[in-house]
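Here are my notes on this model, point by point. Please read them with the structure open.

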Amino acid sequence: MSFDLNHKLWVATRKDIGQLIKKQNRLKKMEPPEEKAISFKIFSELYVLYVELVNKLSFIYHNTFQVQKRAVVRILVESATQQLLRLKDELKGMELSEYVYIDKALIARRLTPRDLVIWRSPQFLYRRPLDVQNIVADNKLYMNDIEKVEKEAQDWVKVTEAVTLIQAHERARRARVYKSNINYDKKKFLKVLQRKKINYRFTFKPDQAMSIPVKRTIFAADFIKDVESCENLKEKKDVLEPSTDNEELERLNKLRDDAASKIQNCWRRYKTRKIMRMRSRFKEELYGMKKHRKLKRPNRFANSVFEMYKKEMLKKKLDEEYIQLITDERTRLLQMRTPWMMEDISDHIRAWFKEFYEKTGNFHPYPDPIKTGTVLVVIDETMTPLEFQDTLGKKPMTKAERQKLAEKKKAEKQKQKDKIRKQKMKDAKRRKKLKDAGIIDVAYEMTSSKAIANIEEAMKQFALDWRNIDEYLNKNHDPIKDWVTEEELAKIHQELRGLVDEYMRIEYELLRAALAKDTKTKYKAQKVKKAKAKKEKKKKKVKDMTADRTLDSLYQELKDEGIIEEVSHKDFDEFIADFNFLANDTRDEDGLTTVGPAKGDIKMIIQESMLGMGEFDIDKPKSILLIGPLNSGKKLLCNIIASELDAVFINLSPEKVFKFADNMKYFLHVVMKVAKAFQPAILYIEEAHRVFLKKIPPELKEINPTLLGPSIPKGILKNIKKTDKVVLLGTSNMPWSAKGKFKKAFQKVLLIPRCDYGTSFLLWLELMTENVEDMEEHAYSALARVLQAYNSGDIAQNISQTLDVSRRMRLNNEALDPNEFLEYFLSKHDEPIFPPEQKIMDKFDKWFGKSNKFLKLRRKFMAKKMAKQKKKK
C-alpha cells in the first residue's frame, strides 16, 4: 500500500472519528428513551459506524510504520474494537439472542450483512517471535546464503518434476495425433500428405521422460471441394490472366464479394452473440444468479503471512532505531546538560530557603521523598509563608490529637465513599428498574465506556501534539526528535532532582542547626520518610518437568506422536453460507425475532469470537463448542479457524490421547507449554461429548474416551489466561449423551442449523461452477429448493462424486440431468441418504436451549409475560 493512500485514508478516518465523538457527546446528554425500539436503533447505528471505523483503523495500523504515530493508531483500533464488541453485547441483551439483525441500519447506509464482517486475515494475526515462527514455518524467514541456496534447490526439484510430467504428457499426445493421422480415411475427398513415415513404438521409463521423434501435430489436409467452381481456389490463383473476358471477371468478383459478405456477416453475428453473452453473464453475476469461476493461488495465504512478517521486520527495525535514538539522546543530554541542570535545581531550592527565612525567620520543612521531594516546590504545593507563619506559634500536637485528627479525616473519607457508593447503588437500581421496563439508559452506557474515553483522549492528545507537524513530509518514517529530547529531559530532571535533594537536605540541616545555635534553641533533625519497598508476593513456583528441553524438541515430539497436525489452508469463504435476511421482518410484538439463524450468522459469530486471538487486548472465550448433525460443517469450521489464525493445531481427541494414559500429567504439561510458546494455538477435540460420556459403549472402551475429561477444567482452562492466544475448540453431534460437566467445560456453545434456501442455492451454484466453466443452463434454484434440507457436507460430497472427472469430460456430448444428483442420494449407496430428521433437530434445539444464556433469558422473559397476562385475566 502506498504512503499517499494510507495518509489520505488516515485524514478521512480522523474526520469520521470526530463526527462519531460529536454524536456520542449528544447521546451522553440524552434522557433514557421510553421505547426499546429507539434504544435498539441508536445502538445498531453506532454498531455499523464502529464496524466501518475498525475496518479502516486496522488497515491504517498495519500500514503505519512511524513509531510515535503507530502508538496512537494502536490505541484507537484497540479501543474501537472493544467498544464494538460492547455494543454487540448490548444489542444481544436487547434481542435476547446470540444473533443480532440490524437490517434497517444497514439499509440506511446502503450496506449488506457481509459489510459487517470485521475479519481481516492476516491483519489480526498474533505475531510470533521470529525464532519461534521459524520452527513452525517451512520457509525460514531468516536464512544465511547456504540455507537460501539449499532452499532454492529444493524448490527447483519440484519444478523440474512438474516440467518432466508435462513434457511426458505432451509427447504422448503428439504420438496419439500422429497415429490417428496415419489411420485417417484417405478416400473421402480429403488428400492427406505425410512428410515421412516413422515406425511408432511407445517406450517409457519411470526415471526419464517419454521420447518420440515427431514434431507438433502434422496434419495437412485439403478441405476444398473437388468441383469446377473451386478449381481456381485449388490452384490459388489470386490474379486472373489478361485474356479473361469482362463478363467472367465480373462474375468472379461478384462471387468473391458475396463470399466476403457471408464471412463478414457470420463474423459479426458471432461477435455480437459473444458480447451479449458477456453482458448477460455480468448481470447474472451481479444479481448473484451465476458464479464467476475464481482461480486461487496455492501459496496465496503463505505469501500474505510472509508479507505481513516483512512489514513486521521493517517495524522492528524502526523500533530498534527509535530505541537507539533515545539512548543516544539521553547520553548526549547527560553529558551536556547534567551539570547545569543540577546547578539550576540547587539554586532554586536555595532561593526557596532564602525566601522563607526572610519572611518567616525559619525554614519550611523539607519535603519527604515519599511525596516526590522538592517537586512540590515546583508545582507550588507547599505552604505559603503566611500559612507557615501560622503554624510556627502552634504547639505540636500530641499523639492522641494526631490520632483523633487522622480518625476524623478517615471518617470524612469513608463518609464520602459511602455517599458515592449509595449514589451508585441508587443509579444501578434506577437502571435495573428501567431495564425491567424495557428502557435502556443510553447516556449511562456512553459515559461509562472506558473505550470511548480512550478514543476521545487519544484524539485530543493527537490534535495537540501533531498540530504543527506535517505527516505527509515524513515518508521515511523518521521519529520526531524534539519529542524524544523533551521526554528524556523530563526523566533526567526527575532523576537528578532526587540526587540533588539528598545533598540539599544536608545543607538544609546545617542551616537549621546554625539557626538553632543563633536562637539558642534545641536542634532536632527532621525525620525522613521514605517510601517502603513493596514486598513482592511470592508466587508458587510451578515445577517445570521439561526445563532441560528446548521448545523445538517438545514441538517435534508432539508432531511425531501425531498430536500436532498440519492443517490444509482454508479460509472463511470456503464455508459457503448465506445470511438470514428474513429474521428482521418477522419480529413479534416485543420486538424479538421469531426465526432462527442461518449458517452465515454462525460464521460471523465465530469470526467475532476469534478477534481476541489477534495482537490486540480484546476479550475472547477460552473454549467454544460447535454442535450439529453429521456433515454440517463443524470440522471444516475448526480447520478454517486454525488456518486463518495460522495457529498450531493440537488434536486432543480420545484417539490421540489414550496413548498417554500412563503419564497424563506430563503430557498435559508439554501440550500447554507448547501451546503457550507457539500461540496462537487451537486445542481441538473431535466429538467432544465422548470425553464426558454418561455410558461408554463397548467399541470405545479400548481408547478410554473419558481420560481427558477430569483434566480439562484445571489442567487446560485454568492455565489459559486472558492474554493467552489459546482456545479450546470442540465439536459434537450427540451433546445430550454427555454429563452436565460437558456444558461447563465450554464457555460458548453454537448450534449449526439446517441449510436454508439461500445457503443451499449458494452451495449448488459455487461448487458446480468451481470445476466446470460452462454451467449457465443448469437449474440451481430447483436443486436448492428440492434438496434444501440436506446438510452442506452431503451436498458437497454429492457434487464432487457426481461431477467427477469422467462425467465432466462427457458434459459436451451428454447434458447433465438433475436426476443424477437425486440418484446419488437414493441409489448409489447401500442405504439411501436422507436429510436429518426433525426429531434430531428438535433434540439439538432442546439441549442448546439449556446451555445458551440468551435462550434462558428469553424463556424467563416469556414466562414473566405469560404470568402478567394471567393476572390481567
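1. First, a term. Helices are DSSP runs of H or I with at least four residues, and they are numbered from the N terminus. By that rule, W352 and F356 both fall in helix α9, which covers residues 300-360. They sit four residues apart, about one turn of the helix.

2. Keep in mind that this is a predicted model. The chain has 873 residues, and 39% of them count as buried. It holds 29 helices and eight strands. Take the contacts between residues at least 6 apart in sequence: 79% of these join residues at least 24 apart.

3. Aromatic pairs deserve a look. How many does a search of the whole structure find? The search gives 22. One of them is W352 with F356, in an edge-to-face arrangement. The ring centres are 5.7 Å apart, and the planes make an angle of 70°. Planes over 60 degrees apart count as edge-to-face, so the 70° between W352 and F356 qualifies. Both W352 and F356 are buried.

4. A second pair, Y790 with F825, is stacked. Here the centres lie 3.9 Å apart, with 10° between the planes. This pair links distant parts of the chain, 35 residues apart. Y790 is in the loop between α24 (780-786) and α25 (792-802), while F825 is in helix α27 (residues 819-827). Are these two residues buried or exposed? Buried means under 20% relative accessible area. Y790 has 6%, so it is buried. F825 has 0%, so it is buried as well.

5. Ring pairs also build a cluster. Its members are W352, F353, F356, Y366 and Y508. W352 and F356, the edge-to-face pair, therefore belong to this cluster.

6. Now the packing of α25 with α27. At what angle do these helices pack? The angle is about 115°, and the axes are 10 Å apart. The crossing is right-handed. From α25, the contact uses D794, Q797, N798, I799, Q801 and T802. From α27, it uses E820, F821, Y824 and F825. By class, the residues of this contact are four nonpolar, four polar and two charged.

7. Helix α1 (residues 3-28) packs against helix α14 (residues 450-465). The angle is about 130°, and the axes are 11 Å apart. That makes α1 oblique to α14. The crossing is left-handed. On the α1 side, W10, R14, I17, I21, Q24, N25 and K28 make the contact. On the α14 side, the residues are I452, I455, E456, M459 and F462. This contact has seven nonpolar, two polar and three charged residues.

8. Last, check K622. Where does it lie? K622 is in the loop between α17 (599-609) and β4 (623-627). It is partly exposed, with a relative accessible area of 23%. Leaving aside residues up to four places away in sequence, K622 touches L717, I720, V726, V727, L728 and Q747. V727 is 105 residues away from K622 along the chain, yet their C-alpha atoms are separated by 5.1 Å.

Methods: Residues numbered from 1 in each chain as written. Predicted model: local features only at pLDDT ≥ 70, side-chain atom pairs only at ≥ 80, totals over all residues. Heavy atoms only, no water. Axes fitted to C-alpha atoms, helices over the stretch in contact; angles between N-to-C directions. Helix = DSSP H or I, 4+ residues; strand = E, 2+ residues; numbered from the N terminus. Parallel < 35°, antiparallel > 145°, perpendicular 65-115°, else oblique. Left-handed = near helix turned anticlockwise from the far one by under 90°. Contact = heavy atoms within 4.5 Å. Nonpolar A, V, L, I, M, F, W, Y, C, P; charged D, E, K, R; others polar. Phe/Tyr/Trp six-rings, centres within 6.5 Å; stacked < 30°, edge-to-face > 60°. Buried < 20%, exposed > 50% of the residue type's maximum accessible area, 1.4 Å probe, protein only.
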